[in-house]
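Here's a quick briefing for anyone opening this entry for the first time. Have a look at the model, then read on for the main points.

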Amino acid sequence: MYLKYGMVGGGNGAFIGDVHRRGAFLGGFAKLTAGCFTRNPEKNAQAAEEWNVEDRSRVYANYKEMAEAESSRADGIDFVAITTPNDTHYDIARTFLEKGIHVICDKPVTSTVEQAKELKKLAEENNLCFAVTYSYHGYAMVRQAREMIEAGKIGEIVYVTTEYPQDWLLLGLRDEETRKKMWRIDPERANGSLCTVDIGTHLESLIHAATGLEITKVLARFDNTVDGLPLETNSNVMLQLSNGASGNLWSSIVAIGHDADVRIRIYGTEGSLEWYHGKQGLLKFARLGEPVQYLAMNRDYNGEQSLGMSHLPAGHPEGYYEAFGNIYEAFCRDVIARKDGATEKQYIYPDIEDGINGVRFVDACVESNANGNVWVEI
């Protein structure tokens, strides 16, 4: 069984729209059937042609028209993918949920916790699935780390450190004309944060995906290294985790020489685990007093969930599109389960609760930094 889906945003050359499209295709359960890819009519039609939307009457001028029309069709879309700028997510998601349509949305899910809670309530009241595309949930060896921790392989977690250094915005921030086009640096549209909301939230979610722990308190310091920019370009956050362990989270968009170099190190009383995005098919595993091991994805010694997220023979690299594909596959399986009568989540993927936690995390970091780098409970 395949599902029909529509996309809001993602056209006009946007990187993330094509990632969603490829991820949905790799998941194997969804066909792009409708969309409002951009507000520019010509580019909207162009995106529909490039992405093989067969019925051009299902290419809409705006998301409200799309939600109304698709919810009225007997063969309407089963879910919508929202790939627009952060400050638009809430209104779009609410519109489709109210029409009984499942939602998969980019992070951060909303600008405020109250908005995110409202979307959760709407989804629950209408028995709808709601996924949030924290992409690092979709990597097999991140899931392998979680399975090993739950099996007690490294003992009790005592410290977690994670980082996301990159330099991709730096040149653009130094160019006035390019800067004018960046919605991310508008304090109102970005909800008072730049690198923390853009990439720090990925790390917050990665900690939960890999360990199962939640962040309960933060102490944040924001740095701004670009003249005239009202938001932070570097964020250091001390953490307290739900089991009492401590941790650290660093995100930066001005780390010259780095390209999405995501890393997480998890230290326990009996061992440690380390995952690095640059070698995403490997998981470093160390036990006290024993030789260090490197586990490879899709090998028989891995856990059942990790193996289920691996698609190529060991040694063949998988990556970002496949991670999105894993999220889409689990989400689509859950949508199918709801259509078959399920009333609760059946599969593992980042959901609206993860979205709420991400917004809470950013709010707490902004508050901590604004009040002189103090501890703030989440």
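In what follows, contact means heavy atoms within 4.5 Å. Axes are lines fitted to C-alpha atoms, for helices over the stretch in contact, and angles run from 0 to 180 degrees between N-to-C directions. Helices (H or I, at least four residues) and strands (E, at least two) are DSSP runs, numbered from the N terminus. With that in hand, take helix H12 (residues 352-370): it lies across S7, S8, strand S9 (246-252) and S14, and runs at about 55° to S7.

A word on the source: this is a predicted model, where local features need pLDDT of at least 70 and side-chain atom pairs count only at pLDDT 80 or more, while totals for chains, interfaces and linings use all residues. Residues are numbered from 1 along each chain as its sequence is written, and side-chain values use heavy atoms, with hydrogens and water left out.

**What the record says**

- UniProt lists residues 4-134 as "domain: Gfo/Idh/MocA-like oxidoreductase N-terminal", in an unreviewed entry. UniProt positions are given in the numbering used here, feature names are shortened, and annotations may be inferred rather than shown by experiment.
- That span, residues 4-134, is 43% helix and 19% strand, and its end C-alpha atoms lie 22 Å apart.
- Residues 142-274 are listed by UniProt (unreviewed entry) as "domain: GFO/IDH/MocA-like oxidoreductase".

**The five-stranded sheet**

- Going across this open sheet, you meet 5 strands in the order S2-S1-S3-S4-S5, with parallel pairing. Two strands pair if DSSP finds at least two bridges between them.
- At the edges sit strand S2 (30-36) and strand S5 (130-132), each pairing on one side only. Neighbouring strands of the sheet are turned by 20° against each other on average, direction ignored.
- Strand S1 (residues 3-9) and strand S3 (residues 79-83) are parallel partners over 5 bridges.
- Helix H11 (residues 320-339) lies across S1, S2, S3, strand S4 (102-105) and S5, at about 170° to S4.

**The nine-stranded sheet**

- The other sheet to look at is open too, with 9 strands in the order S13-S12-S11-S10-S6-S9-S8-S7-S14 and mixed pairing.
- Strand S13 (293-296) and strand S14 (375-377) each have a single partner strand, so one side of each is left without a neighbour in the sheet. Direction ignored, neighbouring strands here are turned by 20° against each other on average.
- Strand S7 (residues 215-223) and strand S8 (residues 234-241) run antiparallel and are joined by 8 bridges. Valine 218, for instance, has leucine 239 in S8 as its bridge partner.
- Helix H6 (residues 140-150) packs on this sheet as well, touching strand S6 (157-165), strand S10 (263-268), strand S11 (271-276), strand S12 (282-287) and S13, with its direction at about 25° to that of S12.

- In helix H2 (residues 41-50), the buried residues are Asn44, Ala47 and Ala48. Buried means under 20% relative accessible area, exposed over 50%, partly exposed in between (1.4 Å probe, protein chains only).
- Seen down the axis of H2, these buried residues fall within an arc of 100°, so they line one face of the helix. The arc is that of the directions from the helix axis to the C-beta atoms.
- Turned away from that buried side are the exposed residues Glu42, Glu49 and Glu50, while S2 is among what covers the buried residues of H2.

**A buried serine**

- Serine 306 belongs to helix H10 (residues 304-308) and is buried, at 0% relative accessible area.
- Setting aside neighbours within four places in sequence, serine 306 is in contact with Ala140, Met141, Arg143, Gln144 and Glu147.
- The C-alpha atoms of serine 306 and glutamate 147 are separated by 8.1 Å, though the two are 159 residues apart along the chain.

**Cysteines**

- The whole structure has 0 disulfides, a disulfide being a pair of cysteine sulfur atoms within 2.5 Å.
- For cysteine 105, the nearest cysteine sulfur is that of cysteine 129, 15 Å away; cysteine 105 is buried, at 0% relative accessibility.
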